[in-house]
Structure formats: structure tokens, C-alpha cells
Amino acid sequence: SDVQLPAGRSMPIVTKFPYLGDFVAADGTDTLAVEARITAAGKAFGALRKCLFSSNTITRAAKTAVYEALILSILLYGCESWCLTEELLQRLRVFHAQCLRAMSRVTRKHTWEHRISSTQLMQELGLDAIDFYVARRQLRWLGHVSRMGWERLPRRMLSAWVPHARPRGAPRLTYGRSVAKAMDVFNLDHARGWALTGVDALGSGQVGQAQLDLPRGLAVGGEG
């Protein structure tokens, strides 16, 4: 039923609603958000496909620059807070692979006949796997949160722990586990905690500042 408000007003209960370009679902998953970003990025890529991405007069460097600055920005908007299951990650990988083939003017038939892999196309275009871009954005945002004061809600929520027994059965993918997967992309030791690992890695040169763009460490908190 609707939530009753003063002055005879009410707020309807819905299963999803858009918020700042993202989607919030009642079931707590990010499926709707990922689908919405893929659709938006696909429209932007399609609008520039003929005149830019599939053109044989545009250099690969120019295609790569526009793709990273525009298409990936649209595709991964809001991914800093996503809990990406393998199924959702695979959808992003498929979209990324389709764009790689279009920019390289390679069809799926060509990839089968000549054994052309997505890794080879990424190397020719100077791009990385979609997992890299997602992980870099998530860790960059965690570095921003880690420098917030404890009075800030994002810092408190990210470091909070719910004193409740875990329900029976396999738990859903949590944000802490998503961050652990992101740290695995850069071979960071997440067992010691997000903040300490990030500070040590950046300080020792294990991960370059330019590569991750993580200002002084990651966020703190448990992985539950």
C-alpha cells in the first residue's frame, strides 16, 4: 500500500524508479541499471557509428579517444556502486566486444574464420577489458570515500556492519565482495582491509598512481 503523508498526500510504492540517471530496484539488484546504461551507450555508439567508429578515414587513436571519453562514460555511469554478478559483467563484456569489432571493421564471421580474439582487437585499439574500467572507477570512488570525515554518511555506511545473523543459503553478492573482485583485477591484497592495502600498494609502487588514480588509499570497512 502507499505511504501516507501529511495533508492527505501519499507516496506510491513502486518496484523501480530512476535516480540521477541510475535505476534503483526494489529487489536491490543492479540489473535494471546495467540494462539502462547498455541501452543508452548503444544509442550513443549507434549515432556515431557511421560517421566515426566504422569509418575508414578516422584513425584508431581518434576512435579510441572518443570511445573512452563518451561511450564508456555513458556505459559505466554509476558503476561505482554496482554489485556486478558474473552475469551482469558478461553483458558489459559482450557490449564492449561488439564495439571493438565495429571500430576495427571486423565482423563476427571474420573473428571465426581468422581466429581474431577480443584481446587482439583491444591491443590494436589501445583499450583494456571492461573489467579494468569498472574496477578502476570503483576503486577511485573508494579512495574518495576513504578521505571523508566520519561524520559523512558514505564513510559511515561503507564502514558499517549489521549485527544480524546471516540467513541460511547462499548470500547475494554484496558490495564488499564486489570491491574485493575489483581489487583482484589489480592484484591488491584485500584480506588486510581496503584502506591499508591501498595505501601500502600506492606507497610501495605496486600499483601506479596514474594507473589507478587512487588518491591515498581505498575505503575502509568489512567485506560483509
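The model is predicted. Residue numbers count from 1 along each chain as its sequence is written.

Start with the rings. The structure holds 5 aromatic pairs. One of them joins Phe45 and Phe53. Their ring centres lie 4.3 Å apart, and the planes meet at 10°. Planes under 30 degrees apart count as stacked. The Phe45–Phe53 pair is therefore stacked. Phe45 has a relative accessibility of 5%, so this residue counts as buried. Phe53 stands at 0% and also counts as buried.

A pair with another geometry is formed by Phe132 and Tyr133. Here the centres are 5.7 Å apart and the planes stand at 85°. Over 60 degrees, a pair counts as edge-to-face. That is the class of Phe132 and Tyr133. Phe132 is buried, because its relative accessible area of 14% falls under the 20% limit. Tyr133 is buried as well, with a relative accessible area of 4%.

Return to Phe45 and Phe53. Together with Tyr67, these two residues form one aromatic cluster.

The charged end of Arg155 sits over the ring of Trp150. The distance from the ring centre is 4.0 Å.

Now turn to the strands. β3 covers residues 16–19 and β4 covers residues 22–25. The two run antiparallel and are joined by 4 bridges. The hairpin of β3 and β4 has 2 residues between the strands. In this hairpin, Leu20 takes a positive phi near 55°.

The hairpin leads on to a pocket. The second largest pocket holds about 500 Å³ of space. Its lining has 15 residues. The closest to the pocket centre are Tyr19, Asp22, Val24, Gly78 and Ser81. By element, β4 gives the largest share of the lining, with 4 residues.

Positive phi values also turn up in loops. Ala7 is not a glycine, yet its phi is positive, at about 65°. Ala7 belongs to the loop between β1 (3–4) and β2 (10–11). Is Ala7 buried or exposed? Its relative accessibility is 75%, so Ala7 counts as exposed.

Asn187 gives a further case. Its phi is near 60°, again positive in a residue other than glycine. Asn187 lies between two helices, in the loop from α8 (175–185) to α9 (194–204). Asn187 is exposed, because its relative accessible area of 61% is over 50%.

How many disulfides does the structure have? The count comes to 0. A disulfide would need a pair of cysteine sulfur atoms within 2.5 Å. Two cysteines contrast in their surroundings. Cys51 has a relative accessibility of 52%, so Cys51 counts as exposed. Cys79 is buried, with a relative accessible area of 0%.

How values were computed: This is a predicted model: local features need pLDDT of at least 70, side-chain atom pairs count only at pLDDT 80 or more; totals for chains, interfaces and linings use all residues. Side-chain values use heavy atoms; hydrogens and water are left out. Rings of Phe, Tyr and Trp (its six-membered ring) pair if their centres lie within 6.5 Å; planes under 30 degrees apart count as stacked, over 60 as edge-to-face and the rest as tilted. Buried means under 20% relative accessible area, exposed over 50%, partly exposed in between (1.4 Å probe, protein chains only). A charge sits over a ring if NZ of Lys or CZ of Arg is within 6 Å of the ring centre and within 35 degrees of the ring normal. Two strands pair if DSSP finds at least two bridges between them. On a 1 Å grid over the protein atoms alone, a cavity is a set of points where a 1.4 Å probe fits but cannot get out, and a pocket is an open set with protein on both sides within 12 Å along at least five of seven lines; lining residues have an atom within 4 Å of a point. Grid points are joined across faces, edges and corners, and a volume is the space filled by probe spheres set on the points.
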